[in-house]
Amino acid sequence: MKNKTHSAEARPVPVNLRFDLSHLETFIAVAQLGSFSLAAQQLHITQPSVTSRIQRLEDMLGVKLLIRTTRSIKVTPQGAQLLDEATATLQGLRDLVEKFRQQAESARQRVVVAATPMLAAMTLPPIIHSYSEHFPGVQIDLRDLRYEDALNSLMTGEADIAVLALEENDQRFDFQPIREDDMVLVVPSEHQLASRCEVSLDEISAFPILMLEQYEPMLVRISEALNRHELKLKRALSAGNLATLLGMLDAKMGITLLTRSMARRSQQAGHVVIELSGIRLTRAFGIVTRRNAKPGTTVQSFCRHLKQAMATPPAII
């Protein structure tokens with residue numbers, strides 16, 4: 001019967017390195033200084049500990065690394081090979097550890113802020129500027145994102161905090177409200193309501209409502225209020241950002257509701273701001289963080305500055 005042969009090549013058995021880095025550090029110190037006693041002083045250990053580490057290293061490797069006489073220490077050929085490799089290896093590890101340390105230090109001095117477009121454009125830049133004047137070593141990165149994208153950036157860890165109005169009670173996040181802003185009606189200057197100082201929900205129900213996407217929960221409140229008067233909300237059109245919304249308003253596609261401070265910006269474009277009667281609609285703006293997140297001291301410092309600055313009017317939010 002012929003012997004069976006195996007086509008698969010035998011896999012090499014991995015070497016089990018049973019020494020720690022202190023053994024290599026000790027060997028390098030002895031080889032470079034040429035003295036067990038000087039190595040002990042440099043490493044802040046006893047001379048017997050140096051001797052023990054070298055012996056364990058030689059036993060593990062199965063080779064003689066150092067030849068010790070009464071007058072000198074001589075490195076063997078095998079020891080010279082190990083000295084070259086160990087020196088390069090430990091230096092590479094030190095460089096990598098230092099790189100990690102610098103990255104960690106840099107991360108502690110950096111805050112990534114996600115915000116919806118209006119806040120990112122109008123409110124946050126002067127706040128970030130004033131914070132940077134007090135803490136020039138801290139880097140603040142501002143991300144201009146749509147509402148859902150800003151929240152997603154918190155979940156993925158891309159942002160440390162988000163600054164926006166959290167429209168619903170979302171168990172994924174913690175919300176620190178800073179200030180509230182009333183909602184007002186905004187219409188084109190030629191609109192039939194443009195001459196009014198105040199309008200009721202009943203009158204609003206006659207026109208299509210244009211809304212920013214993140215205001216959708218507010219539409220529910222308006223619909224419920226209208227239903228109590230046996231009225232229905234005309235089909236609402238949504239926009240992802242303010243520029244698009246104002247473009248739709250200019251095209252006379254409907255009327256819109258904006259925060260009072262945001263409406264001030266709309267007035268500059270020739271739109272008319274009208275007060276609401278019969279219902280008070282507000283949006284609470286603040287800081288959103290991922291639930292159970294543990295912000296570092298730099299993030300906490302920026303949040304304190306942010307809360308103080310945003311709570312002080314005027315602010316375009």
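## A tour of loops, helices and cores

Asn292 sits in the loop between strand 12 (282-290) and helix 11 (297-310); helices (H or I, at least four residues) and strands (E, at least two) are DSSP runs, numbered from the N terminus. The structure is a predicted model, where local features need pLDDT of at least 70, side-chain atom pairs count only at pLDDT 80 or more, and totals for chains, interfaces and linings use all residues. Residues are numbered from 1 along each chain as its sequence is written, and side-chain values use heavy atoms, leaving out hydrogens and water.

- Asn292 is not a glycine, yet its phi is positive, at about 70°.
- With 69% relative accessibility, Asn292 is exposed (exposed is over 50% relative accessible area, buried is under 20%, and partly exposed is in between, with a 1.4 Å probe and protein chains only).
- Lys252, in the loop between helix 9 (242-250) and strand 10 (255-259), has a positive phi near 60° and is also not a glycine.
- Lys252 is exposed too, with a relative accessible area of 54%.

**A pair of helices**

- Helix 1 (residues 21-33) packs against helix 2 (residues 36-43) at an angle of about 130°, and their axes are 8 Å apart; axes are lines fitted to C-alpha atoms, for helices over the stretch in contact, and angles run from 0 to 180 degrees between N-to-C directions.
- Helix 1 is therefore oblique to helix 2 (under 35 degrees is roughly parallel, over 145 roughly antiparallel, 65 to 115 roughly perpendicular, and the rest oblique).
- Helix 1 brings Glu25, Thr26, Ala29, Val30 and Leu33 to the contact, and helix 2 brings Phe36, Leu38, Ala39, Gln42 and Leu43, where contact means heavy atoms within 4.5 Å.

**Nonpolar cores**

- The largest nonpolar core has 38 residues, and Leu185, Ile204, Leu257, Leu258 and Leu281 have the most contacts inside it; such a core is a set of buried Ala, Val, Leu, Ile, Met, Phe, Trp, Tyr and Cys residues joined through side-chain atoms within 4.5 Å.
- Elements giving two or more residues to this core include strand 6 (173-187), helix 8 (216-227) and helix 10 (260-267).
- Another core lies apart from it, with 34 residues, among them Ala114, Ala165, Ile178 and Phe302.
- Leaving aside residues up to four places away in sequence, Ile204 touches Leu185, Val199, Ile209, Ile255 and Leu276.

- Thr298 belongs to helix 11 and is buried, with a relative accessible area of 9%.
- Val111 is 187 residues from Thr298 in sequence, but the two are 7.2 Å apart in space, C-alpha to C-alpha.
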